[in-house]
Amino acid sequence: MENAAKGKIIVISAPSGTGKSTVIGRLMKVPGLNLGFSISATSRSPRAGEADGREYWFITDEEFRRRIEAGDFVEYEEVYAGTHYGTLKSEVERVCDSGRNLIMDIDVKGALSVKKLYGDRALSIFLAPPSLEVLEKRLRGRASDSEETIRARLGKAEYEIGFAPEFDVRVVNDSLDRAVEEMAGAIRGFIARR
Ligand code: ADP
Ligand code: 5GP
């Protein structure tokens, strides 16, 4: 992992539907942060509007298992029963070699593994929904998941929120502008640190 020395690592976790993708999209455009997104691999199917190699590398479960065996992942988790997600070593290298800071959107367990692996080189941020009611509205508003998937994601949210104290920084995504500003401030301070 020597390439990671070239850049810092920002790991963001939140219950699904909180607004991570939206916030990360905005952070990527903030001048000076110089962020490059780590495109994870997943065995879930693409949602409408998602493209292979942009939001995720969409691979089959069989391919995912083959790549675990091949040692291709920095970390991976079965985030939902039967669905794997993982950070590829090749993504960490691609972004770090380009001289940017790496930003990852991964689940709470994966985030804590990355923090443990990279220590002071990584900043972990937990993005929290204002409440579970608001989270449910956002998941429904996104209109991309089935009722069963929404239930599973809501069921997991409380468990995930329980991990918030283990993160370096906690931000509530109430007003999007304010949350982005607060996160940009935390990231700016972190990347300026030697
Ligand atoms: P995640 O990546 O955490 O699963 P998304 O970024 O897809 O979540 O956001 C879920 C939904 O909530 C989207 O429809 C998005 O437009 C909306 N959303 C995100 N942030 C806010 C916010 N601060 N206020 C209101 N709606 C938001
Ligand atoms: P979604 O299916 O909504 O895109 O993502 C579901 C969950 O998987 C989110 O909590 C997201 O952060 C997590 N996730 C995405 N990529 C990775 C990854 O590479 N590793 C881990 N551990 N979790 C991931």
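1. Let's start with ligand 2: it has 18 residues around it, and Ser 40, Arg 44, Tyr 56, Glu 75 and Tyr 85 come nearest (a residue is near a molecule if one of its heavy atoms lies within 4 Å of it). Please keep in mind that this is a predicted model, where local features need pLDDT of at least 70, side-chain atom pairs count only at pLDDT 80 or more, and totals for chains, interfaces and linings use all residues. Residues are numbered from 1 along each chain as its sequence is written, chains are lettered from A and ligands numbered from 1 in the order in which they are written, and side-chain values use heavy atoms, with hydrogens and water left out.

2. The polar contacts of ligand 2 are worth a look (a polar contact is a pair of N or O atoms within 3.5 Å). A polar side-chain atom of Ser 40 lies 2.7 Å from an oxygen atom of the ligand. For Lys 20, a polar side-chain atom is 3.5 Å from an oxygen atom of ligand 2, and an N or O atom in the side chain of Ser 16 is 3.5 Å from an oxygen atom of ligand 2. On its own, ligand 2 has 510 Å² of accessible area, and the protein covers 97% of this (Shrake-Rupley method, 1.4 Å probe).

3. Now to ligand 1. Of the 13 residues around it, Gly 17, Lys 20, Ser 21, Thr 22 and Arg 142 come nearest. A polar side-chain atom of Thr 22 lies 2.6 Å from an oxygen atom of ligand 1, while a polar backbone atom of Lys 20 is 2.8 Å from an oxygen atom of the ligand. In the side chain of Arg 138, an N or O atom is 3.2 Å from a nitrogen atom of ligand 1. Of the 570 Å² of accessible area that ligand 1 has on its own, the protein covers 74%.

4. Finally, the helices (DSSP runs of H or I, at least four residues, numbered from the N terminus). Helix 5 (residues 132–142) and helix 6 (residues 147–161) pack at an angle of about 145°, their axes 11 Å apart; axes are lines fitted to C-alpha atoms over the stretch in contact, and angles run from 0 to 180 degrees between N-to-C directions.

Notes
Helix = DSSP H or I, 4+ residues; strand = E, 2+ residues; numbered from the N terminus. Polar contact = N/O pair within 3.5 Å; in protein donor to acceptor, adjacent residues only side chain to side chain.
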